[in-house]
Amino acid sequence: MKGFFEDGTFDGMSAVVTGGGTGLGLEISRLLAALGAKVAIASRSADNHKVFLNEAEQKGWTAASHVMDVREPDLVGEVFGKVAEEFGGLDILINNAAGNFVRPAMDLPPKGWRAVIDIALSGVFFCSQSAGRIMAKQERGGVIVNIIAPYAWTGAPGVVHSVTAKAGVLAMTKTLAAEWARKKIRVNAVAPGAFESEGAGQRLWPTKEIYEAIRNEIPAKRFADPAEIARSVIYAASPQAEYMTGAVITVDGGMSLGKGLAGEMEPDAVKRKR
Ligand code: NAP
């Protein structure tokens with residue numbers, strides 16, 4: 001594979017990617033496997049695993065898939081144990097699985113709040129804890145990368161459940177990074193802006209008008225390609241980032257930056273009006 005990462009960057013390493021069969025997770029799984037990692041994807045629906053497994057078979061990647069709900073800590077422990085046994089340890093965990101939908105906070109039912117918090121916050125902890133227990137027993141340690149979103153620190157109306165979960169994961173990232181550094185476990189986060197994904201598209205920008213309104217708010221004037229987000233995740237997981245822990249990499253085309261007084265206007269236009 002040509003590019004920034006050397007062939008075999010992850011040779012001999014094993015990885016679990018939650019939600020690794022769709023959207024961003026699929027791109028991360030592909031890149032890890034193409035660079036030599038043994039990759040297990042884990043999510044609730046086996047149907048979502050087919051694309052990656054077929055591709056892995058064609059390309060000769062070492063791959064596995066597990067039906068697993070991140071909300072069930074015992075099952076998570078069992079699955080991660082199996083992966084470690086089959087692949088000879090666990091070096092990388094990518095906490096990518098999440099759920100989200102748009103609902104004004106005043107209309108959000110307890111069930112909707114709990115569902116998102118359970119998957120996107122508690123699920124990340126259960127997976128991190130299970131992986132951390134395995135990694136701590138390995139001389140070589142391991143690395144965890146959490147997928148959050150810049151609204152963890154800016155806030156975002158309409159998705160209070162997801163914002164709260166991602167803010168919690170941001171705090172979790174820094175806490176576990178400090179707590180586990182001596183065990184050689186690194187914990188980092190990647191905060192993508194809006195990227196093209198079937199799942200997110202259906203729930204977050206269901207019409208062309210909404211898609212265009214979001215696109216227009218992004219200084220780069222485009223959504224990201226999930227593959228370009230995946231590259232930052234791969235960097236955070238790679239041995240090249242060995243001294244980086246507790247960090248957040250924002251990859252959002254400037255979406256979370258302040259617009260200042262000039263807003264969408266070119267600064268020159270403001271100057272001319274004076
Ligand atoms: P997606 O395609 O909808 O993927 C979500 C994945 O999570 C699916 O593979 C799903 O598989 C899995 N999942 C959901 N609930 C689960 C559970 N309880 N247990 C195990 N797996 C579960 O989403 P995406 O758009 O690629 O998003 C990936 C990550 O990026 C998420 O963390 C999201 O919050 C973050 N993000 C997305 C955007 C965006 O613009 N799309 C922006 C910022 C951050 P199953 O249905 O098979 O369980």
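**α3 against α4.** I looked up how helix α3 (residues 73-87) sits on α4 in this predicted model. The two pack at an angle of about 40 degrees, and their axes are 9 Å apart. I noted the crossing of α3 and α4 as right-handed. From α3, the residues that meet α4 are Pro 73, Val 76, Gly 77, Phe 80, Gly 81 and Ala 84. On the α4 side I listed Phe 126, Cys 127, Ser 130, Ala 131 and Ile 134. I sorted the residues of this contact into 8 nonpolar, 3 polar and no charged.

**α4 against α6.** Next I took helix α4 (residues 110-137) with helix α6 (residues 160-180). Their angle is about 15 degrees, with the axes 8 Å apart. The α4 residues in the contact include Gly 112, Trp 113, Ala 120, Phe 125 and Gly 132. Among those from α6 are Val 160, His 161, Gly 168, Met 172 and Trp 180. The contact of α4 with α6 divides into 13 nonpolar, 8 polar and no charged residues.

**Ligand.** For Thr 22, I have a polar side-chain atom 2.7 Å from an oxygen atom of the ligand. For Asn 96, I have a polar backbone atom 2.8 Å from a ligand oxygen atom. Val 70 places a polar backbone atom 3.0 Å from a nitrogen atom of the ligand.

Terms used
Residues are numbered from 1 along each chain as its sequence is written. This is a predicted model: local features need pLDDT of at least 70, side-chain atom pairs count only at pLDDT 80 or more; totals for chains, interfaces and linings use all residues. Side-chain values use heavy atoms; hydrogens and water are left out. Axes are lines fitted to C-alpha atoms, for helices over the stretch in contact, and angles run from 0 to 180 degrees between N-to-C directions. Helices (H or I, at least four residues) and strands (E, at least two) are DSSP runs, numbered from the N terminus. Contact means heavy atoms within 4.5 Å. Ala, Val, Leu, Ile, Met, Phe, Trp, Tyr, Cys and Pro count as nonpolar, Asp, Glu, Lys and Arg as charged, and the others, Gly among them, as polar. A polar contact is a pair of N or O atoms within 3.5 Å; within protein, one must be able to donate a hydrogen and the other to accept it, and residues adjacent in sequence count only if both atoms are side-chain atoms. A crossing is left-handed if the near helix is turned anticlockwise from the far one by less than a right angle, and right-handed if clockwise.
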